[in-house]
Amino acid sequence: MSSDWPPPPPPTEPPHAEPPAPPVIPWEQRGVPWTTGLVETVKLLLTRPREAYERMPIGGDLLKPFLFAILLGWIGAIFQTIWTIAFKGMMPSSGMYGGYAMPPIFLPFTALFAPIVIACVLVAVSAIVHLMLMIVGGARSGFQATLRALCYAQAAQVIQLLPLCGGLIAAIGSLLLTIQGLATAHRISHSKAAFAVLLPVVLCCGCGIVLAVTMGAALLHHLGQGNF
């Protein structure tokens with residue numbers, strides 16, 4: 001009788017291993033220097049925004065996203081002040097560059113108090129956007145996800161290092177990053193995320209138009225009656 005009896009069991013295939021989860025966004029990785037995390041996160045958001053938001057934690061401590069937004073927003077405010085002072089007198093005092101009419105003595109104070117303004121605006125805008133998401137049925141991951149998406153959208157503020165056109169490009173970039181962040185964090189379509197972001201703007205513009213028409217009609221009425 002053979003020594004191989006009973007026959008050895010057939011080799012079993014190793015269990016299918018799940019692919020490792022991608023690391024969290026560099027700014028929130030433990031052990032990474034904050035300067036490295038800041039630079040790498042900005043690069044990731046500006047070059048591969050979808051991947052960046054997929055690596056963004058949905059919940060957890062809100063301090064780091066807030067610090068990220070305040071740092072980038074503060075950098076943008078400082079350079080906006082620098083360019084405003086440097087190019088004063090070279091730009092028209094109305095239209096897109098109406099801010100150049102502000103007295104120079106007040107400009108450093110706008111940069112100094114920018115972190116407080118940025119924090120307050122972020123919370124207020126996040127609350128409004130999240131309400132719009134609830135209206136359209138897109139608030140699937142909670143308010144923290146909305147707030148975090150808006151915080152990391154401030155990465156575009158680094159574009160304000162460019163003179164003259166940097167502010168406009170940064171505003172458009174923040175808008176696009178916000179839409180991408182909301183779509184990824186809440187697992188909704190980009191159109192639904194864009195609707196939630198743009199609806200408050202449309203409503204404000206509509207209210208402004210109605211108010212202007214109403215005031216204009218009242219003024220014409222009074223002029224017609226000879227009250228002036």
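This is a working chat about a predicted model of one chain.

Colleague: What share of the residues counts as buried?

Modeller: 33% of the 228 residues in the chain.

Colleague: And the contacts? What share joins residues at least 24 apart?

Modeller: 69%, taken among contacts between residues at least 6 apart in sequence.

Colleague: Let's look at helix packing. How do the axes of H1 and H3 cross?

Modeller: H1 and helix H3 (residues 63–86) cross at roughly 80 degrees, and their axes come within 12 Å. The two helices are therefore roughly perpendicular to each other, as angles of 65 to 115 degrees count that way.

Colleague: Which residues make the contact?

Modeller: On the H1 side, Trp34, Leu38, Thr41, Val42 and Leu45. On the H3 side, Phe68, Leu71 and Leu72.

Colleague: What is threonine 41 in contact with, leaving aside neighbours within four places in sequence?

Modeller: Ile25, Pro26, Trp27, Phe68 and Tyr152. Phe68 is also one of the H3 residues in the contact between H1 and H3.

Colleague: What about glutamate 40? Where is its place?

Modeller: Glutamate 40 is in helix H1 too. It has a relative accessible area of 35%, so it counts as partly exposed.

Colleague: How far apart are glutamate 40 and tryptophan 27?

Modeller: 13 residues in sequence, and 7.6 Å in space from C-alpha to C-alpha.

Colleague: Next pair. How do H5 and H6 cross?

Modeller: Helix H5 (residues 114–136) and helix H6 (residues 143–152) cross at roughly 125 degrees. Their axes come within 9 Å. That makes H5 and H6 oblique to each other. The crossing is right-handed.

Colleague: Which residues in H5 and H6 meet?

Modeller: In H5, Leu122, Val123, Val125, Ser126, Ala127, Val129, His130 and Leu133. In H6, Phe143, Thr146, Leu147, Leu150 and Cys151.

Colleague: How do those residues divide by class?

Modeller: The contact of H5 with H6 has 10 nonpolar residues, three polar and no charged.

Colleague: Then where are the charges pairing? How many salt bridges does a search of the whole structure find?

Modeller: Five. Side chains of opposite charge can pair when their charged atoms come close.

Colleague: Which residues are linked in a network?

Modeller: Arg48, Glu51 and Arg55.

Colleague: Are they buried or exposed?

Modeller: Arginine 55 is buried, because its relative accessible area is 14% and the cut-off is under 20%. Glutamate 51 is partly exposed at 29%. Arginine 48 is partly exposed at 43%.

Colleague: What does arginine 50 meet in a salt bridge?

Modeller: Glutamate 54, at 3.3 Å from N to O. Both residues lie in helix H2 (residues 49–54). They are four residues apart, about one turn of the helix.

Colleague: How accessible are arginine 50 and glutamate 54?

Modeller: Arginine 50 is exposed, with 54% relative accessibility. Glutamate 54 is partly exposed at 44%.

Colleague: Last topic, backbone. Which residue has a positive phi although it is not a glycine?

Modeller: Arginine 187, with a phi of about 55 degrees. Most residues other than glycine have a negative phi.

Colleague: Where does arginine 187 lie?

Modeller: In the loop between helix H7 (166–186) and helix H8 (190–224).

Colleague: Is arginine 187 buried or exposed?

Modeller: Exposed, because its relative accessibility is 55%.

Terms used: Residues are numbered from 1 along each chain as its sequence is written. This is a predicted model: local features need pLDDT of at least 70, side-chain atom pairs count only at pLDDT 80 or more; totals for chains, interfaces and linings use all residues. Side-chain values use heavy atoms; hydrogens and water are left out. Axes are lines fitted to C-alpha atoms, for helices over the stretch in contact, and angles run from 0 to 180 degrees between N-to-C directions. Angles under 35 degrees count as roughly parallel, over 145 as roughly antiparallel, 65 to 115 as roughly perpendicular and the rest as oblique. A crossing is left-handed if the near helix is turned anticlockwise from the far one by less than a right angle, and right-handed if clockwise. Contact means heavy atoms within 4.5 Å. Ala, Val, Leu, Ile, Met, Phe, Trp, Tyr, Cys and Pro count as nonpolar, Asp, Glu, Lys and Arg as charged, and the others, Gly among them, as polar. A salt bridge is a side-chain nitrogen of Lys or Arg within 4 Å of a carboxyl oxygen of Asp or Glu. Buried means under 20% relative accessible area, exposed over 50%, partly exposed in between (1.4 Å probe, protein chains only).
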